[in-house]
Amino acid sequence: MKLPNYIDLAIIGAGVQALTLTTHLLQKSTKHYRKFLVFDPSQTWLRQWQQQFAAQQIPYLRSPAVHHPDPNPHQLRTFAEHRHNELFPPYDRPGTKLFNDFCHEVIRRWKLADKVYPAKVIQILPIERASRSRFQLVLDTGETIITRRVVLATGSGKVQLPNWVEKITSDYPSDKLCHSQQVNLNQLKLTGERILIVGSGLTSGHLAKGAINLGATVTLMTRKQLQEKIFDADPGWLGPKYLKNFHAQTGWYIRYQQIQQARNGGSMTPDMMLQLRKAAHEGTMIINECCQVRNAQWQDNLWQVHCHDGSRHEFNRIWLATGTKFNVTEHPLLQDVLEIYPTEIVNGLPVLDEHLRLPKSNFFIMGGLAALQIGPVARNIGGGKMACQRIVPAIVKPSLASE
Ligand SMILES: Cc1cc2nc3c(=O)[nH]c(=O)nc-3n(C[C@H](O)[C@H](O)[C@H](O)COP(=O)(O)OP(=O)(O)OC[C@H]3O[C@@H](n4cnc5c(N)ncnc54)[C@H](O)[C@@H]3O)c2cc1C
């Protein structure tokens, strides 16, 4: 594809949220079809999502069948008409293959396959042109392009590591201590190994199950007691039940706390909890709740781990399922933009306007960074849909445009 000099809208990232945005945009205005491009180094839609699901051998989604990138909430169920065994109770959670096939169909039906320009955006420079503000995107291919609007949909945030990781003084092979994003169960042989998994979210459950299947014994260590929840945030956050009060709250710090409380760290689904307890009963797993690592050192090909409760353990590997953190001040693409469009920042989250723009700009942000407006589900598929309801009108209605 030849890169044009100028476009109306650049969407950065080709993940689930960006795909949701494009279908919602085209549903409202097909004339926008020629006006936007999506940038992602992975060249195609949803590569990162699919790789994570494959690497962690995740059999089905956590969210129900109504959450997907198409504007019609029933579309996935219709698509699954002859594949009901791939919808998992409760709430018909779609199997991974079903969801991926469905997204493929969405991309085909909305003619989006050739909308991804294969490049990483490495810098965004706000520029003034004939007294109008524009953005110049600098790509890792060396090319540049001018765009009137930007939607930042780059996803997962910055990897979060516990403090003790920085204090490891011994050298160790990089594959012996990894963040969950770097683990690929399909490339490992773990027979007879002991693995420490840190973290209480569903990801640690998936990794524990995968490692046990590969012949390892797993210790799951969690700071708090494991929590059992069907979804990571209560579905009341998808509608007025909780959002009415959330949006009435004008204190941004209070909103931030409400988001933290609603997510309350990680949680396990009841079916995962059942499998983990079963593994613990069978002796392939130790669940060590309310325990934290004080210190770890790599010695004689093993991790020597000391915990705050005084216990000592040895492991072959450590996996950190400790999540990611959303922080605009650390986002490499936002530094120049925030200088020109000063924005209040609350514990790393930007205070966006009601259309999810940095104030007085045509720079939109969706995903976890939009949580002060969208609420605790901002990073999820459902949150992506809510973000579209705010972003799309500002793009298609001239009266709402920020010039
Ligand atoms: C393992 C896992 C399972 C999940 N399961 C569910 C679930 O069942 N239901 C649910 O609602 N949510 C789930 N989530 C949460 C959330 O829906 C996903 O994280 C989802 O992928 C978020 O979509 P996204 O588009 O914001 O980010 P991503 O899917 O991460 O996409 C971001 C894209 O941006 C690209 N990108 C990044 N930087 C640049 C750059 N500088 N230039 C160009 N492109 C760039 C990346 O290559 C990537 O393709 C899950 C998350 C994980 C990690």
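A word before the first click: here "buried" means under 20% relative accessible area, "exposed" means over 50%, and "partly exposed" is in between, with a 1.4 Å probe and protein chains only. This is a predicted model, so to speak of local features we need pLDDT of at least 70, and side-chain atom pairs count only at pLDDT 80 or more, while totals for chains, interfaces and linings use all residues. Numbering runs from 1 along each chain as its sequence is written, and side-chain values use heavy atoms, with hydrogens and water left out.

**Stop one: H68**

Select H68. Buried or exposed? H68 is buried, at a relative accessible area of 0%. You'll find H68 in the loop between α2 and α3 (75–79); helices (H or I, at least four residues) and strands (E, at least two) are DSSP runs, numbered from the N terminus.

Now draw some distances. A polar atom of the H68 side chain sits 3.1 Å from the backbone nitrogen of D70, and the side chain also reaches the backbone oxygen of P73 at 3.1 Å. Both are polar contacts, that is, pairs of N or O atoms within 3.5 Å; within protein, one must be able to donate a hydrogen and the other to accept it, and residues adjacent in sequence count only if both atoms are side-chain atoms. Next, show what is in contact with H68 (heavy atoms within 4.5 Å). Not counting residues up to four places away in sequence, H68 touches P73, H74, Q75, L76, F99, F102, I381 and K385.

**Stop two: the ligand**

I381 turns up again here: of the 28 residues around the ligand, it comes nearest together with D40, R62, S63 and V121. "Near" takes one heavy atom of the residue within 4 Å of the molecule.

A ligand oxygen is 2.6 Å from an N or O atom in the D40 side chain. Taken alone, the ligand exposes 970 Å², and the protein buries 84% of that (Shrake-Rupley areas, 1.4 Å probe; for residues, only the protein chains shown count as cover).

Colour by element next: α1 (16–28) and α2 (47–55) are the ones that give two or more residues to the shell, and α2 has the largest share, four residues.

For C290, the nearest cysteine sulfur is that of C291, 8.8 Å away. The C291 sulfur has its closest cysteine sulfur in C307, at 3.9 Å, so it is too far for a bond. C290 counts as exposed, at 53% relative accessibility, whereas C291 counts as buried, at 5%.

**Stop four: Q181**

Jump to Q181, in the loop between β10 (177–179) and β11 (194–198). Q181 is partly exposed, with a relative accessible area of 34%. Leaving aside neighbours within four places in sequence, Q181 is in contact with Q52, S156, V159 and T324.

**Last stop: T343**

Finish at T343, in the loop between α10 (335–340) and β19 (345–346). T343 is buried, at 14% relative accessible area. A polar atom of the T343 side chain is 2.8 Å from the backbone oxygen of Y341.

Notes: A disulfide is a pair of cysteine sulfur atoms within 2.5 Å.
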